[in-house]
Amino acid sequence: MVRKDSPEIEINVHSTPATTSQSHHPHPPDQNKPPEEWFPWLVPTIFVINVALFVLSMYINNCPSHSGSCIGVQSLQRFAFENIHENPLLGPSTSTLLKMGALDANKVIEEGQRWRIFTCMWLHAGVFHIFTNMLSLLSVGIRLEQEFGFARIGLLYVVSGVGGSLLSSLFIRKSISVGASGALFGLLGAMLSELLTNWAIYANKLAALIMLILMIFMNLLVGILPHVDNFAHIGGFVTGFFLGFILLARPQLDWIVPPGYYGHPMKPQYKLYQYILLGLSVIALFAIFTTGFVFLYQKIDGNDYCSWCHYLSCVPTPLWSCDPQCNSIKSGNQLNLTCLNNGKSKLYVLPDGGDADTTQKLCSLLCI
């Protein structure tokens with residue numbers, strides 16, 4: 001996106017007043033310099049943390065210790081991937097992800113493990129998952145950190161990730177969720193609000209807006225596929241969108257004529273509409289997080305208040321089903337489940353054989 005305050009355009013703007021005779025008057029200081037870029041260290045650090053935690057999850061998983069069908073055992077040894085039927089993304093097992101802090105709404109709501117809302121955003125389900133997320137993080141996050149600094153982008157990243165996890169825990173009750181997608185969508189949402197609140201300093205405004213909206217739309221569209229947590233995407237995007245008005249607003253440039261000077265130097269100051277957007281965003285975020293955590297503490301299922309919202313995360317088609325379906329065979333306290341979506345099978349030993357809710361939850365985990 002091209003800004004009006006680039007050095008080339010700035011020279012052209014100031015060239016006309018400079019031709020006026022000003023031999024007896026000093027030149028005003030240049031107050032329209034482009035902001036200096038920050039050195040991006042936080043986003044690379046987040047990248048390293050995510051990769052390190054994925055490697056740690058593979059070490060803890062230790063596939064050869066519990067499975068004879070791991071992928072890459074000879075070369076990777078205990079870092080070998082789970083069988084493709086257990087995890088098609090080439091990563092650890094579901095039980096390992098749960099042990100390390102994956103988001104499970106039942107554990108968050110029923111067992112009070114609300115720390116999972118934060119920890120899940122640092123975990124990834126597999127190589128393909130972490131590759132796509134970290135590629136997006138580096139391409140979007142570094143540019144934002146260079147422009148706005150580590151403090152604002154770090155706050156934006158973490159709060160957006162929590163916002164995505166919060167919405168996910170209110171609506172996703174049949175599967176676990178991991179990944180930095182909520183935080184990354186927060187960065188995209190902030191890019192959109194940053195463009196709107198700093199509208200005056202951009203050159204090709206309409207082109208920049210259309211390209212950004214198309215990028216956001218395509219990413220959200222992927223979220224309607226099964227096994228993709230689009231509620232984390234939406235929650236992170238909305239949180240980041242409002243945070244962008246608060247954290248990423250830039251002062252606009254106004255023409256003034258200071259005493260003792262000829263010409264028209266420019267002085268940066270915030271516009272009224274930027275203050276209005278900031279105030280509305282503070283109110284909106286307060287209402288969203290307050291409502292979300294009240295619902296969470298009250299153990300309220302968001303689907304009870306929105307009968308169609310589940311379509312935001314998965315739209316059923318003749319090619320796939322959104323609800324996990326399993327064939328189950330019970331024999332005493334043993335439950336054998338086979339997921340019809342991916343063909344995975346697993347034998348569970350349950351004290352009482354398992355009720356319908358337990359069977360559905362195990363089926364959901366098996367079909368991830």
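Student: This is a predicted model. Does Lys299 count as buried, partly exposed or exposed?

Tutor: The relative accessibility of Lys299 is 45%.

Student: Where is Lys299 placed, and what is its phi?

Tutor: Lys299 sits in the loop between helix H12 (272-297) and strand S3 (326-331). Most residues other than glycine have a negative phi. Lys299 is a residue other than glycine with a positive phi, near 60°.

Student: Which loop holds Gln77, and what is the phi of Gln77?

Tutor: Gln77 belongs to the loop between helix H3 (73-76) and helix H4 (94-100). Its phi is positive, in a residue other than glycine, and the value is near 55°.

Student: Is Gln77 buried or exposed?

Tutor: The relative accessible area of Gln77 is 53%. The cut-off for exposed is over 50%, so Gln77 is exposed.

Student: Now Ser177: is this residue buried or exposed?

Tutor: Ser177 lies in the loop between helix H8 (150-171) and helix H9 (181-197). Its relative accessible area is 9%. Buried means under 20%, so Ser177 is buried.

Student: With which side chain does the side chain of Ser177 make a polar contact?

Tutor: Leaving aside neighbours within four places in sequence, Ser177 is in contact with Ala102, Leu103, Cys120, Ser168 and Asp229. The side-chain polar contact, at 2.8 Å, is with Asp229.

Definitions and conventions. Residues numbered from 1 in each chain as written. Predicted model: local features only at pLDDT ≥ 70, side-chain atom pairs only at ≥ 80, totals over all residues. Heavy atoms only, no water. Helix = DSSP H or I, 4+ residues; strand = E, 2+ residues; numbered from the N terminus. Buried < 20%, exposed > 50% of the residue type's maximum accessible area, 1.4 Å probe, protein only. Polar contact = N/O pair within 3.5 Å; in protein donor to acceptor, adjacent residues only side chain to side chain. Contact = heavy atoms within 4.5 Å.
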